[in-house]
Amino acid sequence: MQIRAAVLEEFGKPLVVQDVGLDGPKAGEVLVRVQACGVCHTDLYTASGVDPSGYAPTVLGHEGAGVVEAVGEGVTSLAPGDHVLTLFSPQCRECVHCTSGKTNICLAIRDEQNQGYLPDHTTRLHRGDERIRHFMGTSTFAEATVMPEIALAKVPREAPLDVLCTLACGATTGIGAALYIAKVEPGATVAVFGAGLVGLGAVAGAKLAGAERIFIVDPSADRRAKAVDLGATDELDGGEEAVARILEETGGFGADYTFEATGLVDVMRQAVEAARMGWGQCVIAGVAGRGETLNVIPRYLITGRRIAGASFGGARGRDDVPALARLYLEGKLPLERFISHHLPLAQVNEAFELMERQDGIRTVLTF
Ligand SMILES: NC(=O)c1ccc[n+]([C@@H]2O[C@H](COP(=O)([O-])OP(=O)(O)OC[C@H]3O[C@@H](n4cnc5c(N)ncnc54)[C@H](O)[C@@H]3O)[C@@H](O)[C@H]2O)c1
Ligand SMILES: [Zn+2]
Ligand SMILES: [Zn+2]
């Protein structure tokens, strides 16, 4: 079939919305009619050409939500009409990582996905004879996509997809960092560095887990105000003074859990230094530039602080994302507050401009 899709033709140039061909699902694959898709920094990062592993032409987009239209041979967990979120981080439930219970980093289709192919090393996207590669295994800046069954999370039909789509990347990364990596407990003191979607998700997750005190660190007053709406109790505008203030306000010890959601290595270090002596855990969710390193004085670790990374918030996509969707339906996760703009697919480049101007938190494309 032919679909409208936003194609990255050339790095550093606007995406070109056009008709492309999409073949039907093969064995183990699913055709999804995309209804909504958030625009994330990773899309812009790849479009800009800064990402050394990027490729073109490709259809960008990875924060997608849609409805199953058809399933390929052997697909048993999904049927036409099911509502799904797309998972750039799949969950096969069979590989040595999935069965370990220790990580959400599934090994099943990693190499093919990184290179822009579906698991059988081909693409379903094309333009005449030319193959167009799939971005992050998702390619959801498009009216439809074909993805492996193991990379789709089935979500309740009663929840609006243009809100739920935030769970396909940014919101789950932050919320999961609090719930699944840090496992914040009631009464804890938390500090979140960065109040974009990821940091705000961490605030919402910490609040849900019963954190008593939540510091939000961000130079943007607008963004701090959003965090306060979600449960942050103390505002700081960043820099080394923020660390000093967090220590001061916690009897000289630091916060039980700190979260970094900026991608800046200096801020990552600050998040480590603001974590409590003895047991403080620093969770790093931001993605630093290639080749950058984190500079931590080892004494911070020997005195009991721990550092963890969080890919997709540690969420096991097919198990945890539906659970987060149910929390949203129960009124416990105000995902709608993360969304500031809705735009049609044709205006995808405006969504990038909004992001570059830091106008709003999330733009959601609708179809
Ligand atoms: N780990 C993952 O799976 C995953 C998934 C999505 C995004 N990310 C990464 O998470 C990071 C955050 O993403 P986002 O969409 O929330 O980004 P964002 O750009 O919307 O938010 C970053 C925030 O950091 C703030 N900031 C800038 N300098 C600061 C400082 N010195 N101290 C404190 N805050 C400062 C900015 O004002 C901004 O509000 C990015 O690096 C992104 O690539 C990681
Ligand atoms: Zn993303
Ligand atoms: Zn797996």
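Along the principal axes, the C-alpha atoms fill a box of roughly 65 × 40 × 35 Å.

Before you click further, note that this is a predicted model, in which local features need pLDDT of at least 70 and side-chain atom pairs count only at pLDDT 80 or more, while totals for chains, interfaces and linings use all residues. Residues are numbered from 1 along each chain as its sequence is written, and chains are lettered from A and ligands numbered from 1 in the order in which they are written.

Of the 367 residues, 50% count as buried; a residue is buried if 20 or more other C-beta atoms lie within 10 Å of its own, exposed if 12 or fewer, and partly exposed in between, with C-beta atoms placed from the backbone.

**Stop 1: ligand 1**

Select ligand 1 and its surroundings. The shell has 29 residues, and the closest are Gly-194, Gly-196, Val-198, Gly-238 and Gly-263; a residue is near if its C-beta atom, placed from the backbone, lies within 6 Å. By class there are 14 nonpolar, 13 polar and two charged residues. Here Ala, Val, Leu, Ile, Met, Phe, Trp, Tyr, Cys and Pro count as nonpolar, Asp, Glu, Lys and Arg as charged, and the others, Gly among them, as polar.

Which helix gives the most to this shell? Select H5, which supplies three residues. Helix H1 (41–48), helix H4 (170–182) and helix H5 (197–208) each supply at least two.

**Stop 2: helix H4**

Stay with H4 and look along its axis. A kink of about 45° is centred on Gly-176, the bend being the angle between axes fitted to the seven residues ending there and the seven starting there. At 1.5 Å a residue, the 13 residues of H4 should span 18 Å, and the end C-alpha atoms are 17 Å apart, which agrees; the expected span is 1.5 Å times one less than the number of residues. Because 12 of its 13 residues are buried, H4 is largely enclosed by the rest of the structure. Gly-170, Ile-175 and Leu-179 are among those buried residues.

**Stop 3: helix H1 and the loop beyond**

Now pick Leu-44 in helix H1. This residue is partly exposed, with 17 other C-beta atoms within 10 Å. Then go to Pro-57, in the loop between H1 and E4. A cis peptide bond joins Ala-56 to Pro-57, with omega about -5°.

**Stop 4: the open sheet**

Select strands E8, E7, E2, E1, E4 and E9, listed here in their order across an open sheet of six strands with mixed pairing. Strand E8 (130–131) and strand E9 (133–134) stand at the edges, each with a single partner strand, so one side of each is left without a neighbour in the sheet. Two strands pair if DSSP finds at least two bridges between them. Strand E1 (residues 2–8) and strand E4 (residues 58–59) run antiparallel, joined by two bridges. For one such contact, find Val-7 and its bridge partner Val-59 in E4.

**Stop 5: strand E6 and its partners**

Which way do the side chains of E6 point? In strand E6 (residues 83–86), His-83 and Leu-85 point one way and Val-84 and Thr-86 the other way, and all are buried. Strand E5 (residues 63–71) pairs with E6 in the antiparallel sense over three bridges, and Gly-66 stands opposite Val-84. Strand E11 (residues 152–155) also pairs with E6 in the antiparallel sense, over four bridges. There, His-83 stands opposite Val-155.

**Stop 6: two loop residues**

Finish with Ser-139, in the loop between E9 and strand E10 (144–148), and Gln-358, in the loop between helix H11 (348–356) and strand E19 (362–366). Phi is positive in both, near 50° for Ser-139 and near 55° for Gln-358. Buried or exposed? With 32 C-beta neighbours inside 10 Å, Ser-139 counts as buried, whereas Gln-358, with 11, counts as exposed.
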